[in-house]
Amino acid sequence: MAVYKRTYTRYTGALTNERWRFLILPRYMLQSVFSKRFTGAAFMLALVPHLIAMVLIYLRGNATAFIGLDMPEAARSLGFLSIDGNFFLTLFAAETFLSFAIVAFLGPGLIAPDLANNALPLYLSRPFSRAEYVLGKLSILIILTSAITWLPGILLFVLQTSMTEWSWASDNVRILVGLIIGSWIWILTTSLISLAISAWVKWRTIATSALLGIYFVAAGFGTVTNAILDTRWGALLNMAANMRMVWRWLFLNESTYYTTIPRSFAIPAWTGLAAMAVVCAMALMMLAWKIRPAEVVR
Amino acid sequence: MREPGILQASAFRMAFIELDKLSLSLGGRPILKELTGSYSGRCIGLLGPNGAGKTTLLQTLLGFHPPTSGTARVFDLDIRTQLRKIRHHIGYMPENDAFVAGMTAIRFVRMMAEISGLPADIALERAHETLFYVGLGEARYRQLGTYSLGMKQMAKLAVAIVHGPRGVILDEPTNGLDPAGRIRMIQLVREIRDTQDINLIVSSHLLRDIEEFCDEVMIMKDGLIVTYCNLEEERRANRKFLQLETRGENGTFLEAAEALGCTCAVDTRANRVKMVLPETVEIHDLYRLAEEHKIQIRHLQYKRDSLHDIFMKAMEVGTANPGAKSQRLARPAGVVR
């Protein structure tokens with residue numbers, strides 16, 4: 001109907017599939033995110049470690065070419081570079097921080113504006129459940145952080161395989177599984193925490209501060225706990241340390257796990273995983289408590 | 001894509017809302033108390049004082065609060081088991097501001113249409129149409145956060161109707177509007193009401209607004225529906241309502257009038273009497289009675305029950321007659337003798 005026909009008409013046409021309707025939220029949000037130069041640039045910047053890794057893998061795969069180019073020093077230096085679990089561990093330790101930065105920047109602004117402006121009744125009075133709402137918001141962060149973690153990670157793995165032989169892929173399948181699982185663990189943990197904070201703190205600046213506080217203040221508290229009580233379990237309060245433990249466990253062999261980990265964090269990797277699971281459960285509870293179409297004043 | 005489970009024309013014959021001992025407690029406090037009834041008005045007004053449970057009833061119908069006991073049906077769909085289907089057919093305009101500040105009106109309305117299940121291209125088309133329809137066509141590319149209160153109300157209405165629902169729930173639609181905005185809103189609601197095949201529920205504190213666009217009225221008090229009446233029938237009722245102002249002791253006069261079959265209510269402070277005359281009694285009979293009982297009729301005018309009277313009466317009757325349906329006032333409002 002043309003715009004000038006100003007009258008109320010019922011809609012009786014076809015409807016879209018309900019199963020994928022939650023993806024409407026990330027579609028709209030991602031359009032907003034990438035319409036701003038700053039966020040677009042920040043996102044591209046977050047891909048830099050992967051680009052560097054890609055170049056290194058390429059050069060390492062073509063190290064012999066440097067001899068042909070009369071650059072034996074370069075070829076020798078690249079010969080020391082080993083594309084293995086440690087290589088991916090270093091890369092994903094860097095990406096852990098960059099993906100956290102993206103989550104910290106975007107996450108607090110996802111739910112807080114809806115709560116501050118009372119938009120939840122509008123979403124939830126439609127055929128759209130609370131779970132779909134949270135899933136929609138969560139998928140914004142998942143899509144963005146996936147694009148700088150496991151998706152380019154798989155590309156790197158494929159690139160390295162193409163540079164060597166299939167046997168490298170079969171020998172290092174642990175890396176492929178590790179980068180996917182590890183990335184998802186980190187993405188879900190950080191995203192859920194940031195959404196939970198966004199649901200509870202209406203002001204974006206305070207929400208971002210709270211998120212940074214959870215990571216950095218809690219980490220400091222964990223270090224102090226370790227120092228005062230002469231224990232290592234305080235490391236469980238440090239989310240980044242927990243994730244590093246998990247990365248090590250996923251990328252390295254069991255035998256090398258304890259030899260490569262700093263003494264203050266030398267606790268079993270599963271405890272770090274459990275700590276993050278507890279945090280995720282708490283975040284989900286906070287979201288379930290707060291994401292309601294109508295607030296009941298008791 | 002799939003075809004929606006659309007209610008066809010036959011849906012109009014079914015009740016819009018059916019309440020079946022619907023009870024709701026929030027925080028241990030009973031808010032809705034065993035509401036029962038079947039309501040099929042095209043535009044139902046929901047009236048009641050603050051805290052009567054109007055908004056809570058609307059929100060319960062939308063599934064915002066699960067009923068403590070009993071149930072309700074909207075277009076014959078149970079709110080306990082078919083909530084998602086109900087929400088396909090309902091548009092909701094909440095009482096308070098509801099928007100996303102960082103979005104333009106067109107984006108927000110379009111997104112809401114898409115969430116309701118409309119394909120993206122149709123959602124965009126309908127968002128444009130709807131914003132023009134509510135009078136925000138020229139402002140549709142402005143951010144919602146920059147809108148005035150009146151514009152926000154219109155934007156909420158646009159969000160409520162963009163997906164072309166079968167029923168629309170409007171909670172205080174004229175809240176905070178200036179006179180021109182109020183008139184525009186009333187006009188829009190009337191237009192929507194007069195569109196074929198749509199039902200509305202309008203909650204409001206303002207009796208005048210309800211009178212403007214509703215054909216049936218549900219009055220709530222303390223979580224109960226104390227009165228439900230058809231305003232059209234009330235308006236058409238061929239009953240003789242009078243308001244008299246008398247001087248002198250009118251006790252015996254009123255007794256004599258009641259003996260003739262009149263129904264009387266007295267406001268002793270103002271010495272006013274509201275009276276319903278049966279078909280057999282004429283005005284000159286009252287003058288005759290006044291003369292016989294030595295009182296003066298200083299003022300006399302025909303006065304049917306206004307919505308205000310109905311409301312005041314309902315507030316007086318209160319819990320005495322909960323769940324009354326299609327109840328017409330037996331007596332005009334006032335201090336009942």
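Modeller: B:Leu242 stands opposite B:Met275, a residue of strand 13 of chain B. The model is predicted, with local features requiring pLDDT of at least 70 and side-chain atom pairs counted only at pLDDT 80 or more, while totals for chains, interfaces and linings use all residues. Residues are numbered from 1 along each chain as its sequence is written, and chains are lettered from A and ligands numbered from 1 in the order in which they are written.

Strand 11 (residues 240-247) and strand 13 (residues 272-277) of chain B pair in the antiparallel sense over six bridges. Pairing here requires at least two bridges found by DSSP between two strands. Strands are DSSP runs of E with at least two residues, helices are runs of H or I with at least four, and both are numbered from the N terminus. In general, strands of a sheet pair through backbone hydrogen bonds, either parallel or antiparallel.

The open sheet of chain B has four strands in the order 12-13-11-14, with antiparallel pairing. Its edges are strand 12 (263-267) and strand 14 (296-302) of chain B, each of which pairs on one side only. From one strand to the next, the twist averages 25 degrees. Helix 9 (residues 251-259) of chain B packs on the sheet, where helix 9 touches strand 12 and strand 13 of chain B. The direction of helix 9 makes about 155 degrees with that of strand 12 of chain B. Axes are lines fitted to C-alpha atoms, for helices over the stretch in contact, and angles run from 0 to 180 degrees between N-to-C directions; contact means that the C-beta atoms of two residues, placed from the backbone, lie within 7 Å.
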